[in-house]
There are 2 protein chains.
Amino acid sequence: MTDVAEGERRILVAVDEGEESMHALSWCLKNIVAQNSKDTLILLYAKPPRAVFTALDGTGRRSEDPSGYLFSSETWAAMEKYAADVADCVMEKAKKTCRDLHQDVKVETKVEDGDPRDVICQMAEQLRADVLVVGSHGYGGIKRAFLGSVSNHCAQNVKCPVLIVKKPKTSAGSKSE
Amino acid sequence: MTDVAEGERRILVAVDEGEESMHALSWCLKNIVAQNSKDTLILLYAKPPRAVFTALDGTGRRSEDPSGYLFSSETWAAMEKYAADVADCVMEKAKKTCRDLHQDVKVETKVEDGDPRDVICQMAEQLRADVLVVGSHGYGGIKRAFLGSVSNHCAQNVKCPVLIVKKPKTSAGSKSE
């Protein structure tokens with residue numbers, strides 16, 4: 001068994017544009033990361049596959065469709081730009097949360113393309129995470145239908161300890177958080 | 001959101017006779033419970049329903065079976081005694097682990113009858129746990145077939161954050177741990 005001394009851990013936190021993952025990050029900062037620790041927090045964002053964006057935009061037509069000019073190179077470029085902007089936005093928000101709650105913690109960021117379920121599991125192994133933190137129901141509605149439950153998948157497939165944090169329903173109304 | 005100050009948390013740890021739950025407890029003591037904290041660790045053991053013991057003993061005949069004298073009151077009493085002894089043994093081992101790794105932490109114990117999945121979910125609510133810690137694959141073989149995956153069930157049904165700790169396979173050989 002390779003136990004890690006407290007305060008020298010690599011804590012992998014899966015973040016996305018949902019409130020749930022930011023709540024998980026906050027909970028982790030308040031409850032897992034010790035003050036004056038040497039923990040490294042690795043913020044991981046998975047850029048979802050294109051199918052999700054096309055579905056979200058309601059433009060899920062195939063490029064061989066006669067009306068498929070919607071998927072011109074400009075459209076793809078715009079989608080890529082959109083995905084990159086979302087990734088930046090999520091990471092900025094996550095880093096701000098870290099600074100606000102835990103000024104001293106060392107933070108790294110990682111953005112990877114792919115299905116969040118695969119990306120998170122792969123990164124947990126590759127980065128030798130000591131613990132993985134995920135929000136529950138990080139993907140709602142259409143995205144959940146496409147991507148399934150990320151937290152369930154991770155809990156079953158990641159070897160390191162997995163902390164699943166649910167956002168309390170009582171504060172679910174504060175959309176602007 | 002009702003965040004709890006670090007060091008005043010109620011950490012519920014589901015323990016059983018398997019190595020996985022003791023590993024989860026150790027990991028929790030090393031990684032979640034802060035030194036000099038006011039955390040309370042609540043060790044919870046669910047005494048499994050009788051069906052499990054009868055299956056384990058290979059004597060799963062029904063009492064209306066002509067050869068059902070095996071299920072005399074003496075047999076039931078012996079089973080109850082066995083279950084109580086196992087519970088004592090598990091709790092002693094768990095308390096020793098706590099003392100060894102974290103002398104100062106406040107420890108409470110709770111033994112409840114029932115399917116571990118139900119017991120753990122109910123207790124997490126009832127005891128207002130701030131976090132639930134469970135080992136993964138706490139039930140192997142026959143018991144798993146009867147009881148299903150406890151960690152999955154808890155992750156899906158408990159409202160508080162759930163930490164699922166898997167025992168590394170590399171040390172799985174040390175049965176006497």
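In strand 4 (131–135) of chain A, the side chains of A:V131, A:V133 and A:G135 point one way and those of A:L132 and A:V134 the other way, and all are buried. Buried means under 20% relative accessible area, exposed over 50%, and partly exposed in between, with a 1.4 Å probe and protein chains only. Five of the five residues of strand 4 of chain A are buried, so this strand is largely enclosed by the rest of the structure. Strands (E, at least two residues) and helices (H or I, at least four residues) are DSSP runs, numbered from the N terminus. The model is predicted: local features need pLDDT of at least 70, side-chain atom pairs count only at pLDDT 80 or more, and totals for chains, interfaces and linings use all residues. Residues are numbered from 1 along each chain as its sequence is written, chains are lettered from A and ligands numbered from 1 in the order in which they are written, and side-chain values use heavy atoms, with hydrogens and water left out.Strand 4 of chain A has a partner strand in strand 1 (residues 10–14) of chain A, joined to it by three bridges in a parallel run. Two strands pair if DSSP finds at least two bridges between them. Within this pairing, A:L12 stands opposite A:L132. Strand 4 of chain A also pairs with strand 5 of chain A, in the parallel sense and over four bridges. Here the bridge partner of A:V133 is A:L163. In general, strands of a sheet pair through backbone hydrogen bonds, either parallel or antiparallel.

The two chains meet in the sheet at strand 5 of chain A and strand 5 of chain B, which run antiparallel and are joined by three bridges. A:I164 stands opposite B:V162 in this pairing. In strand 5 of chain B, B:V162 and B:I164 point one way and B:L163 and B:V165 the other way, and all are buried. Strand 5 of chain B is joined to strand 4 of chain B by four bridges, and these two strands run parallel. B:G135 of that pair stands opposite B:V165. Further along chain B, strand 1 (residues 10–14) and strand 2 (residues 40–47) run parallel and are joined by five bridges. The bridge partner of B:V13 in strand 2 of chain B is B:L43.

Taken together, 10 strands form an open sheet with mixed pairing, in the order 3(A)-2(A)-1(A)-4(A)-5(A)-5(B)-4(B)-1(B)-2(B)-3(B). Strand 3 (106–113) of chain A and strand 3 (106–113) of chain B stand at the edges with a single partner strand each, so one side of each is left without a neighbour in the sheet. From one strand to the next, the twist averages 20°. Axes are lines fitted to C-alpha atoms, for helices over the stretch in contact, and angles run from 0 to 180 degrees between N-to-C directions.

Helix 6 of chain A lies across strand 4 and strand 5 of chain A together with strand 5 of chain B, and runs at about 160° to strand 5 of chain A. Helix 1 (residues 19–31) of chain B also packs on the sheet, where it touches strand 4 of chain A together with strand 1, strand 2, strand 4 and strand 5 of chain B. The direction of helix 1 of chain B makes about 140° with that of strand 4 of chain B.

The buried residues of helix 6 (residues 150–157) of chain A are A:V150, A:S151, A:C154 and A:A155. They cover an arc of only 125° around the axis, which puts them on the same side of helix 6 of chain A. The arc is that of the directions from the helix axis to the C-beta atoms. These buried residues pack against helix 4 (116–126), strand 4 and strand 5 of chain A, together with strand 5 of chain B. Contact means heavy atoms within 4.5 Å.

In chain B, helix 4 (residues 116–126) and helix 6 (residues 150–157) pack at an angle of about 35°, with their axes 9 Å apart. The contact is made by B:P116, B:R117, B:D118, B:I120 and B:C121 of helix 4 of chain B and by B:V150, B:H153, B:C154 and B:N157 of helix 6 of chain B.

A:T97 is placed in helix 3 (residues 73–101) of chain A. This residue counts as buried at 15% relative accessibility. Leaving aside residues up to four places away in sequence, A:T97 touches A:M22, A:L25, A:S26 and A:L29.

A:R128 is in the loop between helix 4 and strand 4 of chain A, and B:R128 is in the loop between helix 4 and strand 4 of chain B. A:R128 has a positive phi of about 50° although it is not a glycine, and B:R128 likewise has a positive phi of about 50°. Most residues other than glycine have a negative phi. A:R128 counts as exposed at 66% relative accessibility, and B:R128 is exposed with a relative accessible area of 67%.
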